[in-house]
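Please look over the sequence and the model shown here before reading on. The report that follows takes up a few of its parts in turn.

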Amino acid sequence: MSVILEVKDLVTRFDTPEGTVYAVNGVSFHLNEGETLAVVGESGCGKSVTMMSILRLLPMPPAKILSGSAKYRGQDLLQLPEDVLEHNIRGREIGIVFQDPMTSLNPVLSIGYQITESLKYHLNMNEQQARQRAIEMLERVGISDPARRLSDYPHQFSGGMRQRAMIAMALACAPSLLIADEPTTALDVTIQAQIVELMIHLREQANLSLIWITHDLGVVAGLAERVLVMYAGYIVEEASVDELYDHPAHPYTLALLAALPRIDKRRSQRLKSIPGAPPNLLVKPHGCPFAPRCELAFDRCHIENPPLGAIAAGHSSACWVDVNTGRPQ
Amino acid sequence: MNATPLVFVQNLKKYFPVTRGVVFQRVIGQVRAVDDISFAIEAGQTLGLVGESGCGKTTAGRTLLALYQPSGGRVWIDGHDVFAARGAELMALRRKAQIIFQDPFASLNPRWTVNAIIGEPLRVHGLSKTERERTERVQQLMELVGLSPRQINRFPHEFSGGQRQRIGIARALASDPKFIVCDEPISALDVSIQAQVVNLLEDLQDRLGLTYLFIAHDLSMVRHVCDDVAVMYLGKIVEMGSKDELYEHPLHPYSQALISAAPVADPHTARRKKRILLEGDVPSPLNPPAGCRFHPRCPLRLERCTQEEPLLEQVAPDHHVACWAVKAG
């Protein structure tokens with residue numbers, strides 16, 4: 001399997017009036033051709049900022065990419081000239097679907113205009129060709145009567161249809177990689193299930209490589225092949241989906257799974273809650289970022305941040321403790 | 001279990017008028033947000049009210065506390081007729097029945113200190129004689145919900161989301177209520193914080209003998225927290241029962257779809273799980289479908305469903321369903 005995207009040592013910070021926000025603190029990962037990778041974490045863990053940094057979509061300033069590389073098929077996206085990135089990569093090779101379809105669609109332009117715009121820009125299609133392609137795309141994402149729907153405005157679409165239109169837009173130029181940033185979070189469960197099924201279907205049809213950013217360990221379980229768990233701007237665990245749920249190795253992953261109630265099981269006990277509050281990113285990281293909330297933390301955890309290290313084939317964790325024994329490794 | 005329910009809701013209706021025109025306003029229609037729902041909650045129990053956005057669950061919770069003017073029906077809380085209560089009786093009712101809101105950012109006055117926010121019910125209901133006594137009581141309440149009493153003079157923005165929700169809970173508890181409507185109390189919070197708040201609500205229920213109406217769209221959490229569950233669709237309760245009965249043997253096609261669509265945090269189950277995908281979106285409550293409101297999306301639709309509205313009927317002890325197809329077998 002060849003690697004389509006390889007990110008190394010990415011560090012992104014924001015300069016704000018309150019101080020420096022340590023958003024992404026040295027993140028490295030790769031994505032294989034045709035693979036689905038989920039990036040899981042709570043708000044502020046740096047999962048979106050990581051992807052936005054790679055695509056250089058963050059406003060700079062206040063954002064600052066201090067170091068790192070992001071090689072897409074050998075080209076470093078962080079070094080490419082802006083016009084090349086804009087014309088050849090963003091929206092062309094790499095499609096993006098954002099969380100909230102209401103705020104990421106332009107309310108005063110028709111759906112058709114918004115889909116054809118990228119086709120005309122990236123693929124030099126004429127109006128007629130672009131329109132034809134837009135109709136095809138809307139049909140593929142399951143919008144009925146697509147020819148008529150092209151002239152509709154976003155407010156005339158329901159939430160689920162808007163997200164479908166966003167997906168159609170992202171896939172219009174036939175990208176090889178799709179980054180979906182919490183694409184189902186704003187949707188109801190029955191609509192969420194529709195969108196997940198649609199993505200599974202499209203992924204196979206178009207041989208897409210997919211990065212799915214989410215906070216929901218439930219959605220990930222049925223969708224991803226590999227999972228990255230992020231906390232406070234660090235990747236704390238990386239594993240195949242089965243390995244992660246069957247043998248979680250980082251105390252944070254373990255705690256997240258224990259905090260989730262199960263719909264398919266009778267209640268057996270109280271939920272295990274994670275004490276304390278999410279980390280304050282305005283404070284320069286010192287020691288393991290999860291240590292203040294970790295049940296297994298010992299002296300070393302508060303002083304030295306554990307590196308992400310392999311614990312089994314295809315399974316890495318950043319922790320000084322062996323969660324099975326509760327003792328230092 | 002108590003023989004007489006603490007909360008009794010009978011044929012509750014809430015219609016919102018839809019108007020047109022600025023100067024000469026005319027009513028051109030009605031949104032039937034809550035359309036004839038009935039249920040009872042025994043003292044010390046929790047009833048879950050689930051459904052997707054726009055199904056009327058929040059409106060139901062607010063109307064039964066008379067926070068909205070009801071369009072029909074009657075509600076008794078602890079023996080008092082809520083909609084007939086006036087003056088001193090209404091004040092006594094307001095003390096007994098409280099509400100916790102979804103958004104811990106919007107439901108706290110940003111210019112008030114925690115002392116003022118939690119102390120307000122004490123002041124309004126004249127529950128403390130002196131200011132000193134009130135401050136002491138606020139400190140007790142803060143301790144009860146797991147906040148440090150030293151933070152009494154801080155403002156809401158100085159707290160995290162989970163802590164803010166604790167302030168909202170302390171405010172609801174200030175008047176020593178028997179019944180609390182929890183309106184999506186955890187959906188704005190991160191996963192690791194959700195478990196903290198749910199466990200707190202359960203502890204408080206045990207210690208203070210509280211009765212809850214738990215409004216939520218997270219079906220897994222509802223199964224964990226509640227004793228009984230009612231499923232709403234477009235202003236109607238379509239199925240109601242004890243939680244294990246309803247989750248293990250859902251009968252209404254909407255409940256079946258809803259439960260099957262909920263994600264499970266286990267890749268093995270998730271891959272095996274057959275999702276029932278509903279067609280289309282929830283129709284507008286301004287113009288709901290005739291007959292059964294679910295019929296345009298229903299996989300079991302019969303001729304009768306398009307014409308005649310099914311009523312909630314008992315199918316087993318503690319299990320009620322409104323569906324012609326279920327009735328026909």
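Which residues of α4(A) meet which residues of α7(A)?

## Two packed helices

In α4(A), residues A:I111, A:Q114, A:I115 and A:S118 meet A:A165, A:A168 and A:M169 of α7(A), where residues are in contact if their C-beta atoms, placed from the backbone, lie within 7 Å. The residues of this contact divide into five nonpolar, two polar and no charged; Ala, Val, Leu, Ile, Met, Phe, Trp, Tyr, Cys and Pro count as nonpolar, Asp, Glu, Lys and Arg as charged, and the others, Gly among them, as polar.

Helix α4 (residues 111-123) and helix α7 (residues 159-171) of chain A pack at an angle of about 20°, and their axes are 8 Å apart. That angle makes α4(A) roughly parallel to α7(A), a description used for angles under 35 degrees.

## Basis of the model

This is a predicted model, in which local features need pLDDT of at least 70 and side-chain atom pairs count only at pLDDT 80 or more, while totals for chains, interfaces and linings use all residues. Residues are numbered from 1 along each chain as its sequence is written, and chains are lettered from A and ligands numbered from 1 in the order in which they are written. Helices (H or I, at least four residues) and strands (E, at least two) are DSSP runs, numbered from the N terminus.

## The sheet of chain A

Eight strands of chain A form an open sheet with mixed pairing, in the order β6-β7-β8-β3-β9-β10-β12-β11; two strands pair if DSSP finds at least two bridges between them. Because β6 (94-97) and β11 (309-312) stand at the edges with a single partner strand each, one side of each is left without a neighbour in the sheet. From one strand to the next, the twist averages 20°.

Within this sheet, strand β3 (residues 36-40) and strand β8 (residues 209-214) of chain A run parallel and are joined by five bridges, and A:L37 stands opposite A:I211 in β8(A).

## A covered helix

Helix α1 (residues 47-54) of chain A is mostly covered, with seven of its eight residues buried, that is, with 20 or more other C-beta atoms within 10 Å of their own. Among them are A:V49, A:M51 and A:I54. Just after α1(A), A:R56 takes a positive phi of about 55°.

## Where the chains touch

In chain A, 40 residues are in contact with 37 residues of chain B. Of the elements on that side of chain A, α8(A) gives the most, with seven residues. The residues of this side divide into 19 nonpolar, 10 polar and 11 charged.

Key. A residue is buried if 20 or more other C-beta atoms lie within 10 Å of its own, exposed if 12 or fewer, and partly exposed in between; C-beta atoms are placed from the backbone. Axes are lines fitted to C-alpha atoms, for helices over the stretch in contact, and angles run from 0 to 180 degrees between N-to-C directions. Angles under 35 degrees count as roughly parallel, over 145 as roughly antiparallel, 65 to 115 as roughly perpendicular and the rest as oblique.
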